[in-house]
Every structure is written in C-alpha cells, then in structure tokens.
Amino acid sequence: MTEDEFAAYQSLSEETEDHRWAFGSGFTDPLEGIDASVPDGVDAAALTAYCLALGDDALIYSHRLQQWMTRMPELEEETALANIALDLLGQARMLLARAGQAEGRGRREDDLAFFRDEHEFRNVRLAEHTDADFAQLAGRLLVFSAWRLALFGRLAASADPVLAAIAAKGANELAYHRDYAAQWVIRLGDGTPLSHDKMAAALGVIWPLADELFLADPVAARLPGVAADPAELRAEVDAVLDAVLGAATLDRPQGAPLARVAGKAGRDGVHTEPFGYLLAELQSVARAHPDATW
C-alpha cells in the first residue's frame, strides 16, 4: 500500500476527522490563510444572501447530476459526470459556509443545506430542472456552466477575498464542465439525423430557463465591487453558446422565457413543481436524524 493509499484508508477511521479526500482529489484548501471576516464597507446581509444563492445553484444542480449515477451508458461518462457533481458539491459547501460566516448566526453549511424549506432556497430554476434524456443533460450543463464560468471569472476579482478564492478555484472546474458539455452538444448535434433532432429538441426545452440567469439581481446591486451584474454576462455567454451551436449545426431556440410567478422566480424562492420532490430526497436522512453527526 502506497503512502497516499494509506492516507485515504486512514481517513475512513474514527481516529481522524480529515475526510476531505471524499469530496475530490485535491487536498489543498483554497481558503487557507484568507481572512474570513466581512470586509469593511460590505453589507453582511447582502453578502450572506448572495453566497447563499450561488451555493444553492451548485447544491441543487449537483444533486440533479447525482441522480444520473448508474444510468450512464459508459463507465467513462459516469465518472466524468460524478466528478462534475463533486466539483459543484465542493463549491456549494464553500459558498454555504461563507454565507454562514457572513450571517454570524452560527449556522453551518449542513444547517443551510438540510434544514431550510423550499421557499428559502434561492437557486435559479435552471439548476432544478429534471433532464428527460442525455441530450437535455448536455444542453443544460452547457448553458449553466457557460454562465457560471463567466460569473466566476468576474467574482475572482471580488472585494471579498473569500468569495474571490472560491471563484478562482471554481473557474478552473467550470472550464472543464463547459468543455465536456460543449463536446457532447457538438457530437450529438452534428451526428446522425436522430441525434441532431434530439439535441435540437432538448435545447428547445432548456432555453426558456436561460433568461432567468441574466435578470437584474437586487442583492448583487447592494454589493458593488463584490458581486457581478448578471446582465453584464449575457454577451460573453451568448458568444460561447453561438459558437457551440454553430459547430453543432443547431439553430438557437426561439422559445419564450419561462414565466415568473407574480413577478418572482428562483432567486425569490419561487420554484418549479419538481423542486419539492428533489428537496425531500436531498434532506430526508438529515431530517430523519437531526441530531446525528457525520
């Protein structure tokens, strides 16, 4: 047994609390040495809400991808998807932990993930969509990762050093997510007539959910120099999507944006019907054993 293998094996024992290996291959803490106090002049409540929303995006999307485990046609694709889900879970953990720090109420990442109700989640509705087939999975991942990569590219210069470090690490992961999804969209779109039609139909389903990504965010507006204006991301994201669609011989869908409910959407705590079922599955064990330690 090598030294690395022994370290991983030892992490399973009760004698150590170092279980980081289970959440990815990297052992370097991206937040090591960074001052976690809220910077002077930054609205702590807004920073809490902003990190919570971005953490919810990653947490919910990660869970949706986890639901595809054992359903992929090849082991290689299952491994790739599992790694993407783990990357997003890692982002969710850091962002929810940052939200708890900024909030100052002592709530941990697990408290925020498992003990909030549906209306308290602030993820965009694209993150909670249920993919009907692999074409929808690839198309949704392309849109989401292209948007989130553009967002994290700006947040890497955030005035909040913790958020900046999270974004810098996440950007490297999201570049792979976007590339993986783009390759599959091109392969399916520029493949057989059947795969082309399925990919086109999938994008038609996904596209109405994309407009919400660029809506004005009043929370971000309260964080100048810390957050990013969603509207400023559209040109960069559109350029990426147009390039991929062109290579895939696919037309940009023309569907109308998904309607808001009384003017509210995911960032306001208003979600689609399947979200309640997702949350029940995600939170079931923690809520059944609220006093357990993991």
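**Salt bridges in a predicted model**

1. Start with arginine 116. Its relative accessibility is 2%, so arginine 116 counts as buried (buried means under 20% relative accessible area, exposed over 50%, partly exposed in between, with a 1.4 Å probe and protein chains only).

2. A note on the basis. This is a predicted model, where local features need pLDDT of at least 70, side-chain atom pairs count only at pLDDT 80 or more, and totals for chains, interfaces and linings use all residues. Residues are numbered from 1 along each chain as its sequence is written, and side-chain values use heavy atoms, with hydrogens and water left out.

3. Arginine 116 has a partner. Its side chain meets that of aspartate 56 in a salt bridge, 2.6 Å from N to O (a side-chain nitrogen of Lys or Arg within 4 Å of a carboxyl oxygen of Asp or Glu). The pair links distant parts of the chain, 60 residues apart. Aspartate 56 sits in helix H2 (residues 44–66), and arginine 116 in the loop between helix H4 (109–114) and helix H5 (125–128). Helices are DSSP runs of H or I, at least four residues, numbered from the N terminus. Aspartate 56 is also buried, at 0% relative accessible area.

4. Next, arginine 154 and glutamate 236. Their closest N and O atoms are 2.8 Å apart in a salt bridge. Arginine 154 belongs to helix H6 (residues 134–155) and glutamate 236 to helix H10 (residues 234–247), so the pair ties together parts 82 residues apart in sequence. Arginine 154 is partly exposed at 33%; glutamate 236 is partly exposed at 38%.

5. Glu103, Arg105 and Arg107 form a salt-bridge network. The whole structure holds 17 salt bridges.

Terms used. Helix = DSSP H or I, 4+ residues; strand = E, 2+ residues; numbered from the N terminus.
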